[in-house]
Amino acid sequence: MASLDRFEDIFGIGQIKGPVPNKDAGGNLINLIGLFDTKFEGYITKLGIHAPEGSIVVINHKEFVIGKTDFLEYETGAKITFLAFESDFTESCFIDFVYMK
């Protein structure tokens with residue numbers, strides 16, 4: 001039987017769906033998560049981003065380009081403090097996130 005220990009510190013999960021202009025978040029979409037998820041506490045460690053191919057996403061000030069699958073999964077175990085799109089976060093975009101205690 002698989003151990004579930006790796007899930008014991010997970011406080012919650014959430015999702016943001018577009019459209020959301022970057023300027024509404026002060027350039028950082030992390031600022032909006034508390035508005036969309038009133039239970040949000042702690043810090044984000046994992047992201048799943050669905051956006052059109054070629055979209056540029058900035059996570060912790062590093063640029064990533066969305067590839068042919070239209071999906072980017074980001075999981076380093078580190079705290080994610082900055083998230084932005086080079087263009088507006090449109091209705092075809094969504095972000096799944098996991099936050100820890």
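Two strands count as paired if DSSP finds at least two bridges between them. Across that pairing, K46 stands opposite V98 in strand 7. Strand 2 also pairs with strand 5, again in the antiparallel sense, over six bridges. There, I44 faces I80 in strand 5 as its opposite residue.

Before going on, the basis. This is a predicted model, in which local features need pLDDT of at least 70 and side-chain atom pairs count only at pLDDT 80 or more, while totals for chains, interfaces and linings use all residues. Residues are numbered from 1 along each chain as its sequence is written, and side-chain values use heavy atoms, with hydrogens and water left out.

The protein has one helix and seven strands, in the order β-α-β-β-β-β-β-β along the sequence. Helices (H or I, at least four residues) and strands (E, at least two) are DSSP runs, numbered from the N terminus.

How far can we trust it? The average pLDDT, the predictor's confidence in each residue from 0 to 100, is 80, and 74% of the residues score at least 70. Confidence is lowest in helix 1, residues 30-36, with a mean of 68, and highest in strand 4, at 94. Where pLDDT is low, the predicted coordinates should not be read in detail.

Now the rings. Rings of Phe, Tyr and Trp (its six-membered ring) pair if their centres lie within 6.5 Å; planes under 30 degrees apart are stacked, over 60 edge-to-face, and the rest tilted. By this rule there are two aromatic pairs. One of them is F64 with Y74, edge-to-face, at 5.5 Å centre to centre and 70° between the planes. F64 belongs to strand 4 (residues 62-65) and Y74 to strand 5 (residues 71-80), ten residues apart.

Are these two residues buried or exposed? Buried means under 20% relative accessible area, exposed over 50%, and partly exposed in between, with a 1.4 Å probe and protein chains only. F64 is partly exposed because its relative accessible area is 23%, and Y74 is buried because its value is 11%. Over the protein, buried residues make up 38% of the 101 residues.

Last, contacts, meaning heavy atoms within 4.5 Å. Among those between residues at least 6 apart in sequence, 68% join residues at least 24 apart.
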